[in-house]
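Hi,

Here is the structure I promised to pass on.

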Amino acid sequence: MKGLTLRNLHKTYFDLNMGSRVTAVQDVSLHIREGEFVAVVGPSGCGKSTILNMVAGFLPATKGEVLVGDRPVKGPGPDRGVVFQNFALFPWKTVIDNVGFGLKMRGIPKPERDRIAREFLALAGLTNAADRYPNELSGGMQQRVGVVRALANEPDVLLMDEPFASVDAQTRMTLQEELTRIWQERRHTVLFITHDVGEAVFLADRVIVLSKGQVLREIDIPISRPRAWDTVSEQDDFKRLSSEVLQMVRSA
Amino acid sequence: MSDHVEPIAFIAGPKRVWLYVRQAAAFIAPLVLLLLAWPAIVTIFDVSPRVFPGVQAVLGAAADGLRDGTLLAHVATSLGRVALGTVLAVAAAVPLGVAMGVNSGVSALLTPLFRFFSVLAGIAWIPIATLWFGYGFGAITFVIFNAVFFIVAYNTLLGVSAIPPRLRHAAASLGAGRVAMLTEVLLPGALPNIVTGVRTGLGFAWRGLIAAEMIATDVGLGYMLFVARDFYRTEVIVLGMIIIGIIWLFIDRLLLAPLERATIERWGLVQRT
């Protein structure tokens, strides 16, 4: 596990519709400590997904750099596990082969990677789904596989791009609780992107509010763990922090 | 026909078998009807064997052909030619299609060309093929190769470029290098399209082959038909036509269609409901 540093990150691109250069991300600097859970929240178009894509290495930065530990990022790599909004599971692979994919890339033989994959599947209650194909699973189940697939590869940093935005509200709350539970056991360094203020406050140690490609403010979330919706949603701290963040996002 | 076939894959057990039987019956019944009407019409209208043969004459021709081995030789030669041309074409088309699919510049340049030649594929190549390769093996292989090559390359290109970028991102972030990206993502992702391309291409190839054999060779089903015409052997012509149709139905219905359905289903392009 390592920390994650974003140093003076810029992204500009040429917008064909507007016929001019547009700044998506402007001078964003951010340090996520080893084992820290940071959520970046902001309205659509604020540049939060662009930041994640640059950190993941899917998109080159115009200026600035990203460091995992003290090593600069050049393109995608297994040191940064990514959980995608639309799951991005391989439809031609079974659940267990999806989860074992990163291990296969590292040359780990099939019996060993199946054993590891099963351990991680158990972590998310997916033991019975091991031999199913993704299209046979509900959205919530698919995203559990997505999370477990990233975790099984033992990344230094976990990047999550609005991972629960495309499941229904009840499932979303369950998945959020499962994520806090797993995170508490394993203490990954997490960069979590969302437009959902409640989700950001519920999950994170620290919330970054993003506006027009810039960091508007950072807020620490000192709510005790373990966190569960039943208790957390009643807490004054949670209500106060949520409304504070919400106001900032709405003014953004 | 194919519209009724798909749901069967989702039904298990004896009910599934029964559905297959019913479908097969529904397909064969009109053919049987035609088979019954044929001798009646030939008799009633007193059709000359030079115009159209009777059933018995065709059966006789089949028996003769089987006895002296010529029929089998024609069929085997034709199938061998299609197999060779198809294997060569697929081996060349898939790598090219993948290369085009991952490189948007190359694909923009070549896509219109491949679409054009996909439509052209088959019979239209015969005259130039015989000019280039003379009459025989080269010309026929060339015709089959072209019929399959352009369609498979074009479909592979479509399949690769239709793979969502997030799947390639996911693979890269899990440590996939160039080779693994090819074998684990691009090829399996494009496979349903590739199979569809092979199915369509083989259809063109089979028709093209028969036509090419009529002018460019001295053995094969197309040649058998063509020579029979010179001797007014209508029973051999009709026998050849029946065999050509039956062979294609077998290849397409029993081999290609199930393969295509299986990949498309497995890949989740058809959602199970």
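**What I found**

Residues 4-237 of chain A are 33% helix and 28% strand, with the end C-alpha atoms 27 Å apart. UniProt lists that stretch as "domain: ABC transporter", in an unreviewed entry, and such annotations may be inferred rather than shown by experiment.

Before going on, this is a predicted model: local features need pLDDT of at least 70, side-chain atom pairs count only at pLDDT 80 or more, and totals for chains, interfaces and linings use all residues. Residues are numbered from 1 along each chain as its sequence is written, chains are lettered from A and ligands numbered from 1 in the order written, and side-chain values use heavy atoms, leaving out hydrogens and water.

Now the interface. Chain A and chain B bury about 2000 Å² between them, 66% of it on carbon and sulfur atoms (accessible area, 1.4 Å probe, lost on being put together and summed over both). Of the area that chain A buries against chain B, Trp92(A), Met105(A) and Asn135(A) supply 33%, more than any other three residues. The contact (heavy atoms within 4.5 Å) takes 23 residues from chain A and 22 residues from chain B.

There are two salt bridges between the chains, meaning a Lys or Arg side-chain nitrogen within 4 Å of an Asp or Glu carboxyl oxygen. One of them joins Lys104(A) to Glu184(B), at 2.8 Å, N to O.

Strand E6 (80-83) and helix H3 (101-105) of chain A each supply at least two residues of the side touching chain B (DSSP runs, helices H or I of at least four residues and strands E of at least two, numbered from the N terminus). The largest share, four residues, comes from H3(A).

Cheers

Methods:
Buried area is the accessible area (1.4 Å probe) that two parts lose on being put together, summed over both.
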